[in-house]
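Here's a quick briefing to keep beside you while you look at the structure.

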Amino acid sequence: MSLFSRRMGLLWACCVALALQGCASVPQPDARDPWESMNRRVYNFNEVLDNVAIKPAAKAYVAVLPSPVRTGIHNFLGNLGDVWTMANSAMQLKGQATAETLMRITVNTVFGLGGVLDVATEMRLEKRKEDFGQTLGYWGVKPGPYVVLPVLGPSTLRDTLATPLDIQGNAVQQVTDTATRNVLSFIGVLDTRSSLLQTVDVVKAAALDPYTFVRDGYLQKRQNDIHDGNPPTTFDYSESETP
C-alpha cells in the first residue's frame with residue numbers, strides 16, 4: 001500500500017471517529033445533517049486550507065500551463081478514472097454502461113495517445129462517473145448522515161465508508177513508482193480544483209449560507225447519480241435507496 005493510500009486511510013478513520021463523537025446539536029437541525037456543528041467546523045477548516053494552499057496552487061496551475069496542456073492532462077486522468085467507473089458499472093449489473101465504458105477506455109488509450117485525446121466523446125460514447133458509494137446506494141445502502149471530510153469535503157456516512165476502496169480503485173494508485181504516483185495524485189487535485197475556480201467564487205458570493213448551499217447541492221447530486229438522473233419524485237431520506 002502506498003504512502004498516499006495509508007494517509008488517506010488514516011484520514012478516513014479519523015473522520016469516522018469524529019463523526020461518532022461530533023453529535024453536538026444545533027437549533028432545529030436538518031434531519032440529513034445531525035452532525036452539523038462538527039461539519040461546519042470541518043467545512044471552515046477546509047475553507048482555510050483551500051484559501052491558503054489549494055486555491056493558490058490551482059491558480060498557478062492555470063497560469064503556468066496552456067489550456068490545451070491542461071485539457072490533455074484532464075483527459076488522461078479521466079481515462080484512468082474510467083477504469084473504476086467500469087468496475088462499478090459491472091458491480092451494478094449495468095451491462096450497456098460497462099461495455100460502453102470499456103469501449104471508451106480502449107478507444108482513448110489506443111487512438112487518443114493513452115487518453116490525452118478524448119476521441120471516445122467525439123464518437124458519442126457517453127462518459128459516466130461511478131464510484132463505490134454509488135454502488136452501495138444502488139444496492140439499497142442508506143446514505144446515512146451528511147459528513148464533511150477534512151480536505152475531501154462533502155460526503156455521507158455511506159460514501160465515507162466507501163472512500164478507501166474508491167482511493168484504491170483509482171488506477172493512479174496502481175502506478176508502482178512512488179514519485180510518479182504522488183505527482184499524478186497531486187495533479188489530479190489541481191485539475192479538479194482549477195475546474196471549480198469560478199464556480200466556487202460564485203457560490204460564495206451568491207449564497208447566504210455557502211455551507212447549506214454546498215450540502216443541499218451535494219445530497220441532491222448524489223441522489224441523482226445513484227438513480228442515473230431519474231430520482232424518485234418523493235424521496236424519504238430515512239428510507240433505503242433501491243435499484
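What follows is a short tour by topic. Bear in mind that this is a predicted model. The chain averages a pLDDT of 88, and 84% of the residues score at least 70.

**The hairpin**
- Strands S1 and S2 make a hairpin, with three residues sitting between them.
- The two strands run antiparallel, and four bridges join them.

- Valine 151 is in the loop that links S1 (146-149) to S2 (153-156), and its phi in the turn is positive, about 75 degrees.
- Its relative accessible area is 49%, so valine 151 counts as partly exposed, given that exposed means over 50%.
- Together with Phe45 and Leu152, Val151 makes a nonpolar surface patch of about 280 Å².

**Glycine 137**
- Glycine 137 belongs to helix H6, which covers residues 132-138.
- With a relative accessible area of 0%, glycine 137 is buried.
- Aspartate 225 is 88 residues away from glycine 137 in sequence, yet their C-alpha atoms are 9.6 Å apart in space.

**Confidence along the chain**
- S1 has the highest confidence, at 98, while helix H1 (residues 3-21) has the lowest, at a mean of 50.

Definitions and conventions. Residues are numbered from 1 along each chain as its sequence is written. This is a predicted model: local features need pLDDT of at least 70, side-chain atom pairs count only at pLDDT 80 or more; totals for chains, interfaces and linings use all residues. Side-chain values use heavy atoms; hydrogens and water are left out. Patches are made of residues with over 30% relative accessible area and no salt bridge: like charges are joined within 9 Å, nonpolar side chains (Val, Leu, Ile, Met, Phe, Trp, Tyr) within 5 Å. Accessible areas come from the Shrake-Rupley method with a 1.4 Å probe; for residues, only the protein chains shown count as cover. A salt bridge is a side-chain nitrogen of Lys or Arg within 4 Å of a carboxyl oxygen of Asp or Glu. Buried means under 20% relative accessible area, exposed over 50%, partly exposed in between (1.4 Å probe, protein chains only). Two strands pair if DSSP finds at least two bridges between them. pLDDT is the predictor's confidence in each residue, from 0 to 100.
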